[in-house]
Amino acid sequence: MATTAKEAKTRKSAEAMTQARNKKVKVPKLAVRHRNRCLRCGRPRGYYRKFQLCRVCFRQLSLAGEVPGVVKASW
């Protein structure tokens, strides 16, 4: 059973690679090499998954009130 699952996974990744080659899109050799990047500026460090933004852009947008549900803390 594990062998068929492994074969299916290999087949699926091979199909994805051939489609990517046809589209001329750069695909990492290994899935582990995927790097989360900020949607706004592309910064790879200080990334918040929940908002898909880096810490710098998150701070700018939240202070401007453009991120729903985020309020500056005061006590």
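Buried means a relative accessible area under 20%. Cys54, with a relative accessible area of 0%, is therefore buried. The legends below describe a predicted model.

**Figure 1. Overall view of the predicted model, with its helices and strands.** The protein has two helices and two strands. Along the sequence they follow the pattern α-β-β-α. Helix H1 covers residues 2-23 and strand S1 covers residues 47-48, while strand S2 spans 53-54 and helix H2 spans 55-63. Of the 75 residues in the protein, 12% are buried. Among contacts with a separation of 6 or more, residues 24 or more positions apart account for 0%.

Figure 2. In soluble globular proteins, nonpolar side chains tend to be buried together. The largest nonpolar core here has seven residues: Cys38, Leu53, Cys54, Cys57, Phe58, Leu61 and Val67. Two elements, strand S2 and helix H2, each give two or more residues to this core. The largest share, three residues, comes from H2. Phe58, one of the core residues, counts as buried because its relative accessibility is 16%, under the 20% limit.

Figure 3. A disulfide is a covalent bond between the sulfur atoms of two cysteines. The structure holds zero disulfides. Cys38 is in no disulfide, and the nearest cysteine sulfur, that of Cys41, is 3.7 Å away. Cys54 is likewise in no disulfide; its nearest cysteine sulfur belongs to Cys57, at 3.6 Å. Why do these sulfur atoms not count as disulfides? The distances of 3.7 Å and 3.6 Å are not within 2.5 Å, so neither pair is a disulfide. Cys38 is buried, with a relative accessible area of 5%. Leaving aside neighbours within four places in sequence, Cys38 is in contact with Arg43, Tyr47, Gln52, Leu53, Cys54 and Cys57. Leu53, Cys54 and Cys57 are also listed with Cys38 in the largest nonpolar core.

Figure 4. A pair of aromatic rings is described by the distance of the centres and the angle of the planes. The structure holds two aromatic pairs. One of them joins Phe51 and Phe58, with 4.7 Å centre to centre and 40° between the planes. Phe51 has a relative accessibility of 29% and counts as partly exposed, whereas Phe58 counts as buried at 16%.

Figure 5. Asn36 is partly exposed, with a relative accessible area of 27%; Leu39 is exposed, at 63%. The side chains of Asn36 and His34 are joined by a polar contact of 3.3 Å. Not counting residues up to four places away in sequence, Asn36 touches Arg43, Pro44, Tyr47 and Arg49. Asn36 and Arg49 are 13 residues apart along the chain, and their C-alpha atoms are separated by 8.1 Å. Leu39 and Cys57 are 18 residues apart in sequence, with 9.3 Å between their C-alpha atoms.

Figure 6. Gln52 lies in the loop between S1 and S2. Most residues other than glycine have a negative phi. Phi of Gln52 is near 55°, a positive value in a residue other than glycine. Gln52 is partly exposed, with a relative accessible area of 37%. Gln52 is also among the residues in contact with Cys38.

Figure 7. Ser62 is found in helix H2. With 19% relative accessibility, Ser62 counts as buried, since the limit is under 20%. The side chain of Ser62 reaches the backbone oxygen of Arg59 at 3.1 Å. Not counting residues up to four places away in sequence, Ser62 touches Val67 and Val70. Val67 is one of the residues of the largest nonpolar core.

Key
Residues are numbered from 1 along each chain as its sequence is written. This is a predicted model: local features need pLDDT of at least 70, side-chain atom pairs count only at pLDDT 80 or more; totals for chains, interfaces and linings use all residues. Side-chain values use heavy atoms; hydrogens and water are left out. Rings of Phe, Tyr and Trp (its six-membered ring) pair if their centres lie within 6.5 Å; planes under 30 degrees apart count as stacked, over 60 as edge-to-face and the rest as tilted. Buried means under 20% relative accessible area, exposed over 50%, partly exposed in between (1.4 Å probe, protein chains only). Helices (H or I, at least four residues) and strands (E, at least two) are DSSP runs, numbered from the N terminus. Contact means heavy atoms within 4.5 Å. A nonpolar core is a set of buried Ala, Val, Leu, Ile, Met, Phe, Trp, Tyr and Cys residues joined through side-chain atoms within 4.5 Å. A polar contact is a pair of N or O atoms within 3.5 Å; within protein, one must be able to donate a hydrogen and the other to accept it, and residues adjacent in sequence count only if both atoms are side-chain atoms.
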